[in-house]
Amino acid sequence: IPQISYASTAPELSDPGRYEFFSRVVPPDSYQAEAMVAVVRALGWSYVSTLASEGNYGESGVEAFVHSSREAGGLCIAQSIKIPREPRPGEFAKVIRRLMETSTARGVVLFANEDDIRRVLEAATLANLSGHFSWVGSDSWGAKMAPVQGLEEAAHGAITILPKRASVPGFDEYFMSRSLENNRRNLWFHEFWEDDFNCRL
């Protein structure tokens with residue numbers, strides 16, 4: 001079944017041998033990892049830690065960052081910390097304590113989901129370390145407010161990556177004008193219509 005994704009960024013999906021019928025409209029994480037290495041080098045940092053949510057997105061993102069940093073040279077990884085998929089109470093305080101074991105590595109590269117980012121910032125605030133770390137966040141943070149709302153001091157100065165976005169002229173008007181009368185070619189449109197308008201056709 002041919003698939004086009006608007007958000008799947010896992011690098012392994014670029015393998016045409018395994019995913020012959022898959023395509024995407026966003027770049028894979030390996031590109032943003034390269035951009036993050038470029039940001040870190042432009043800031044003059046040579047010693048950083050990485051933080052990843054357990055799972056494909058976080059772990060492969062950090063792996064791509066480490067690989068790109070090795071190729072670029074001049075960048076040492078203080079430590080790579082993985083946040084468990086189901087963190088136990090106190091897990092995020094432990095993450096902050098671990099980051100403080102190499103406290104001179106104040107730059108932290110994050111490939112983590114929104115909830116994990118928020119809880120890391122909360123733990124930094126509770127540990128009285130707002131402003132100690134400089135965060136470089138992946139597109140899961142991007143321009144979202146949810147991870148930082150109420151934690152602005154801990155997040156202050158963070159640099160986040162987001163794929164380039166552009167509005168397609170006329171798309172919103174076209175999309176919003178779709179109805180059952182003018183959109184018969186989409187076989188699933190009636191299901192969307194029923195769900196969106198809470199009705200039965």
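In which loop does asparagine 128 lie? In this predicted model, asparagine 128 is found in the loop that runs between H4 and strand S6 (134-137). The residue has a positive phi of about 60 degrees, although it is not a glycine. Most residues other than glycine have a negative phi. Asparagine 128 counts as exposed, because its relative accessibility of 71% lies over the 50% cut-off.

A positive phi, of about 50 degrees, is also found at asparagine 198, likewise not a glycine. Asparagine 198 belongs to the segment after helix H7 (189-197). With a relative accessible area of 73%, asparagine 198 is exposed.

Helix H3 spans residues 91-101, and its buried residues include Glu91, Phe92, Val95, Ile96 and Leu99. These residues lie on the same side of H3, because the arc they cover around the axis is only 145 degrees. In an α-helix there are 3.6 residues a turn, so residues three or four places apart point the same way. The packing partners of the buried H3 residues are strand S3 (47-53), strand S4 (76-83), strand S5 (107-111) and helix H4 (114-126). Exposed residues Arg97 and Glu101 are carried on the face of H3 turned away from the buried side.

Aspartate 29 is located in helix H1 (residues 29-42). Aspartate 29 is buried but forms no salt bridge. The nearest side chain of opposite charge is that of arginine 24, at 7.0 Å. Leaving aside residues up to four places away in sequence, aspartate 29 is in contact with Thr9, Ala10, Pro11, Tyr57, Ser60 and Phe111.

Note on methods:
Residues numbered from 1 in each chain as written. Predicted model: local features only at pLDDT ≥ 70, side-chain atom pairs only at ≥ 80, totals over all residues. Heavy atoms only, no water. Helix = DSSP H or I, 4+ residues; strand = E, 2+ residues; numbered from the N terminus. Buried < 20%, exposed > 50% of the residue type's maximum accessible area, 1.4 Å probe, protein only. Lys, Arg positive; Asp, Glu negative; His and termini not counted. Salt bridge = Lys/Arg side-chain N within 4 Å of Asp/Glu carboxyl O. Contact = heavy atoms within 4.5 Å. Arc of directions from axis to C-beta.
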